[in-house]
Amino acid sequence: MVQNIIEVRNLSKSFDISSKEPGLKGTIKHFFRRQTKSLKVIKDISFEIKEGEIVGFLGANGAGKTTILKMLCGLIYPSEGSILVSGYLPFKRKENFLKNITLIMGQKQQLIWDLPPIESFYLNASIYDLNKFEAKRRIKKLSEMLEIDEELFIPVRKLSLGQRMKSELLAALIHEPNILFLDEPTLGLDINAQRNLRKFLQKYNKETNATICLTSHYMKDITSLCKRVICVHEGALSYDGKLDLLLKKLSPVKEILIVCRSEEDAIKLENSGFTVKNKIKNEITIKIENNSITSSLKTILNNFDIEDLFINEPPIDEIIGRVLIKKDYDI
Amino acid sequence: MISKLINRKIFTLLKVQYSNMLEYRVEIALWAISGIIPFFMLNIWTNNNLNESINISDVMLSRYFLCAFFVRQFSVVWVVFSFEEDSLMGKVSPYLIQPLNPFFRYFAQHLAEQITRFPFALLIAFFFFIFNPESIWIPNLGILFLSIVSTFLSFLIQFLIQSIIACLCFWTEKASSVERLLFIPTLFLSGLLAPVVSFPTYVKSWIYLTPFPYLIDFPANLLSGNETNISGGLSMQILWIFLLFPLFKKIWSEGTKKYTAMGS
């Protein structure tokens with residue numbers, strides 16, 4: 001039986017936020033009497049993640065995804081509740097825990113800007129107590145997987161964003177962590193670089209059975225990497241389960257564009273009881289529920305003179321977009 | 001085994017930071033030049049015969065200010081500014097989840113910068129001796145060794161003081177403003193502008209209770225051969241380190257609980 005590697009119980013986090021009224025009056029008031037209020041950004045959430053799972057955290061900006069990741073890796077202290085990652089309390093930041101995890105933030109870098117990445121790799125290797133030969137072996141292996149070679153010896157400031165991101169990944173994975181926290185790892189990358197990064201993460205997960213917790217606003221990252229998603233809405237969990245179940249639930253109907261041989265056929269079809277979205281001359285778009293799609297198509301093909309038909313899946317971004325603004329999904 | 005590992009970490013950190021510092025060699029040369037305040041002070045003192053009031057000869061005074069320049073070069077600390085910037089920009093976050101306290105990085109940066117400064121400081125000293133040939137002297141090896149130790153201890157005290165202030169970044173975004181409060185006493189009481197011996201007796205007795213005279217005055221007097229209480233000075237430096245280190249550890253552990261990882 002696969003064990004839970006992350007266990008979160010009734011986790012909450014509050015931040016003290018100071019607010020200021022606009023204008024000079026507000027500024028003076030703010031100078032003499034600062035008003036702060038406690039804002040609960042994570043509200044009583046619980047979940048478990050199994051070893052080797054890739055879980056996507058979905059939510060709108062400010063929903064609390066990154067805060068959850070920061071608490072899971074021990075960067076910030078939880079206000080309430082408990083977290084156990086790989087048997088450790090993350091915030092204690094015990095050496096063995098830190099050697100087991102990594103955090104990659106798409107918009108932040110740890111590489112030394114003016115030096116080639118290889119210098120940062122050897123530095124990280126020594127921080128994680130790897131000897132020179134082992135460090136060399138891992139750098140070689142990871143650079144092959146990430147398809148970077150000459151870039152290792154070029155100052156970071158001269159590298160492209162994609163090359164930098166690959167180097168960041170190598171620096172973050174040199175100690176072969178078995179839990180990866182990835183906060184928008186593909187941010188700003190072009191389509192090819194995004195695809196390569198996803199391929200790399202899939203391969204890394206397969207080869208090392210590493211657990212990956214990922215946040216991303218690129219739906220392709222989520223759909224190609226994660227079977228399970230955790231949706232966060234205003235600091236609370238709105239859904240935790242399989243991604244395909246969520247998609248089915250959110251998108252129960254498919255749109256079918258049917259091109260009839262004649263306009264008369266289109267009119268006949270329009271009046272035959274299907275839910276019609278629109279009709280332009282001999283082209284008609286109808287909506288059919290996912291569970292009756294085969295039987296409905298059989299009926300249409302048998303009873304109408306059809307020239308062509310297209311099944312349109314609603315864009316995944318649109319479906320997920322609905323999750324980000326809704327509070328609860330009971331599936 | 002453990003010390004071997006730590007040494008390897010520190011050695012690699014130093015090596016990498018030194019490579020990084022060499023990228024900024026012109027900037028470091030300028031920093032070294034900007035540290036010539038003691039030479040201006042020497043000029044003011046000798047032109048106004050102020051040294052007569054404290055019974056120090058011109059030669060000894062010029063050696064004192066040269067040594068003050070050297071001690072300053074190898075004990076300059078800026079950790080509060082680096083940490084504040086890194087903290088505000090969220091750069092501290094990746095370091096916090098590595099099994100090495102981020103202050104080791106800053107510590108290595110400082111040491112690497114000192115190594116980079118060394119040739120520039122020597123060059124400035126060389127020019128100083130050209131203009132003041134009567135000041136040339138060779139300290140004996142024992143004194144030289146103790147002066148290096150004392151300069152390093154001075155650096156440690158300043159590093160700890162600034163690290164403690166830097167940790168205030170966990171509570172306030174502008175911890176460096178607290179550091180500015182310390183700038184004035186450091187400037188006046190450390191011996192950078194005037195040897196502490198020149199202060200009135202009742203002021204001196206108070207000054208010696210603070211860490212400031214052990215930052216420049218004591219190591220500079222030691223190196224220049226002026227009369228000084230070597231064992232007393234070294235003991236006070238070690239005492240201050242023993243007082244400041246646990247305070248740093250405490251404030252670090254409390255501060256990291258407050259860390260909000262802003263900017264990342």
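Trainee: What makes helix α3 of chain B roughly antiparallel to helix α4 of chain B?

Mentor: The crossing angle does. In this predicted model, the axes of α3(B), residues 37–47, and α4(B), residues 58–73, cross at roughly 160 degrees. Angles over 145 count as roughly antiparallel. Therefore α3(B) is roughly antiparallel to α4(B). The two axes come within 9 Å, and the crossing is right-handed.

Trainee: Which residues make the contact?

Mentor: From α3(B), they are B:Pro38, B:Phe39, B:Met41, B:Leu42, B:Trp45 and B:Thr46. From α4(B), they are B:Asp58, B:Leu61, B:Ser62, B:Phe65, B:Ala68, B:Phe69 and B:Arg72.

Trainee: How do those contact residues divide into nonpolar, polar and charged?

Mentor: Nine are nonpolar, two are polar and two are charged. Asp and Arg count as charged, and the contact includes B:Asp58 and B:Arg72.

Trainee: On to chain A. Why is A:Asn10 called exposed?

Mentor: Count its neighbours. A:Asn10 has 12 C-beta neighbours inside 10 Å. The cut-off for exposed is 12 or fewer, so A:Asn10 counts as exposed. This residue lies in strand β1, residues 4–19, of chain A.

Trainee: What is the phi of A:Asn10?

Mentor: Near 45 degrees. That is a positive value in a residue other than glycine.

Trainee: And how do you know that A:Asn209 is exposed?

Mentor: By the neighbour count again. A:Asn209 has 12 C-beta neighbours inside 10 Å. Exposed means 12 or fewer, so A:Asn209 qualifies. Its place is the loop between α7 (191–208) and β7 (211–215) of chain A. Phi of A:Asn209 is positive too, near 55 degrees.

Note on methods. Residues are numbered from 1 along each chain as its sequence is written. Chains are lettered from A and ligands numbered from 1 in the order in which they are written. This is a predicted model: local features need pLDDT of at least 70, side-chain atom pairs count only at pLDDT 80 or more; totals for chains, interfaces and linings use all residues. Axes are lines fitted to C-alpha atoms, for helices over the stretch in contact, and angles run from 0 to 180 degrees between N-to-C directions. Helices (H or I, at least four residues) and strands (E, at least two) are DSSP runs, numbered from the N terminus. Angles under 35 degrees count as roughly parallel, over 145 as roughly antiparallel, 65 to 115 as roughly perpendicular and the rest as oblique. A crossing is left-handed if the near helix is turned anticlockwise from the far one by less than a right angle, and right-handed if clockwise. Two residues are in contact if their C-beta atoms, placed from the backbone, lie within 7 Å. A residue is buried if 20 or more other C-beta atoms lie within 10 Å of its own, exposed if 12 or fewer, and partly exposed in between; C-beta atoms are placed from the backbone.
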